[in-house]
Amino acid sequence: MKLNGRRESSNVEDRRGLSGGQKTGLGIGGIIIVGLITLLMGGNPLDVLQQAGSMMGTEQQTTQREFTEEEQALAKFSKQILAGTEDVWTQIFKEHGATYQVPRMVLFTDGVQTGCGGATSSVGPFYCSADQALYLDLSFFSTMKQQLGADGDFAYAYVIAHEVGHHVEYLTGLLDQVHQKMQTVNETESNKLSVRLELLADFYAGVWANYDNKMFGSLEDGDIEKAINCAAVIGDDYLQKKARGYAIPESFNHGTSAQRMKWFKLGLQTGDISRGTTFQCSDEEL
Ligand SMILES: [Zn+2]
């Protein structure tokens with residue numbers, strides 16, 4: 001990706017090196033969208049809230065340690081990508097006569113308290129609607145590289161753009177609406193709704209890439225392949241097979257590799273948000 005001279009977002013809170021982060025309390029009523037690769041790390045999304053309980057007693061450390069050059073480079077990169085999503089979504093909302101409200105990005109290490117409860121890095125990057133913030137432990141990108149083989153800066157950018165996609169779902173009212181519905185149905189149906197939210201966020205990440213390239217000429221040869229490879233290796237079927245040797249389709253909550261690639265590509269190729277029809281499609285069409 002070409003990012004030379006691109007601005008860095010100022011909507012970033014750096015809590016790296018602070019244990020536990022600020023204590024904001026539990027269960028304020030936000031929606032936590034757990035990360036892309038919980039299973040990969042051997043975690044269970046439900047652990048998020050349990051871990052929160054044990055983190056409440058943690059003493060807060062107030063000084064940050066020194067960061068390595070690689071960590072600083074990743075932080076800068078993430079801030080530039082976030083800035084790109086701000087510009088792109090501001091433009092798209094404007095085209096539809098609306099105003100985009102930018103999210104915050106919180107960088108943390110190990111564990112963090114959020115308006116949606118506490119979480120540890122094991123859940124991967126996530127979005128919390130109560131804070132309108134995405135939470136990112138930059139070590140995730142090293143994990144991605146080591147365990148998934150999904151290298152490349154555009155693949156990292158895709159992960160950030162996916163979380164921003166959940167923020168867009170929040171702004172349009174869809175996120176709250178779908179989460180309310182999820183409370184009233186059984187687990188299998190609830191997982192299906194979750195898959196649709198995730199695939200829509202993948203689609204929005206594709207739309208972002210389309211606009212970012214149009215507005216800033218950011219894509220280089222091979223970038224798209226890297227992002228598509230990333231979408232493939234974070235599919236539920238791929239991750240479950242890797243972790244357990246078999247996959248249980250009823251438990252899928254992010255979508256298969258093929259579905260994730262399909263929706264990302266559709267967004268990328270069309271750059272047209274009206275094509276994001278994951279809630280209108282039948283199961284077969286997804
Ligand atoms: Zn997601």
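Contact, as used in this note, means heavy atoms within 4.5 Å. The model is predicted, so that local features need pLDDT of at least 70 and side-chain atom pairs count only at pLDDT 80 or more, while totals for chains, interfaces and linings use all residues. Residues are numbered from 1 along each chain as its sequence is written, and side-chain values use heavy atoms, with hydrogens and water left out.

1. Surroundings of I224. This residue belongs to helix 7, residues 223-233; helices (H or I, at least four residues) and strands (E, at least two) are DSSP runs numbered from the N terminus. Leaving aside residues up to four places away in sequence, I224 touches F154, L219 and L268. I224 counts as partly exposed because its relative accessibility is 28%, given that buried means under 20% relative accessible area, exposed over 50%, and partly exposed in between (1.4 Å probe, protein chains only). Between the C-alpha atoms of I224 and G206, which are 18 residues apart along the chain, the separation is 9.6 Å.

2. The zinc site. Which residues coordinate the zinc ion? They are H162 and H166, each through NE2, and E198 through OE, at 1.9 to 2.1 Å. Donors here are N, O and S atoms within 2.8 Å of the metal (3.2 Å for Na, K and Ca); water is not among the atoms, so sites may look incomplete. Along the chain the donors have the spacing H-x3-H-x31-E.

3. Helix 4 (residues 153-171) holds both H162 and H166, which lie four residues apart, about one turn of the helix. H162 counts as buried because its relative accessibility is 0%. H166 is likewise buried, with a relative accessible area of 0%.

4. The hairpin of strands 4 and 5. Two residues lie between these strands in the hairpin that they form. Strand 4 (residues 111-114) pairs with strand 5 in the antiparallel sense over four bridges, where pairing requires that DSSP find at least two bridges between two strands. Q113 has G118 of strand 5 as its bridge partner.

5. The faces of strand 5. In a regular strand the side chains alternate between the two faces of the sheet. In strand 5 (residues 117-120), G117 and A119 on one side and G118 and T120 on the other are all buried, and both faces are covered.

6. H254. This histidine is placed in the loop between helix 8 (236-244) and helix 9 (257-270). Is H254 buried or exposed? H254 is buried, because its relative accessible area is 6%. The side chains of H254 and N253 are joined by a polar contact of 2.9 Å. A polar contact is a pair of N or O atoms within 3.5 Å; within protein, one must be able to donate a hydrogen and the other to accept it, and residues adjacent in sequence count only if both atoms are side-chain atoms.
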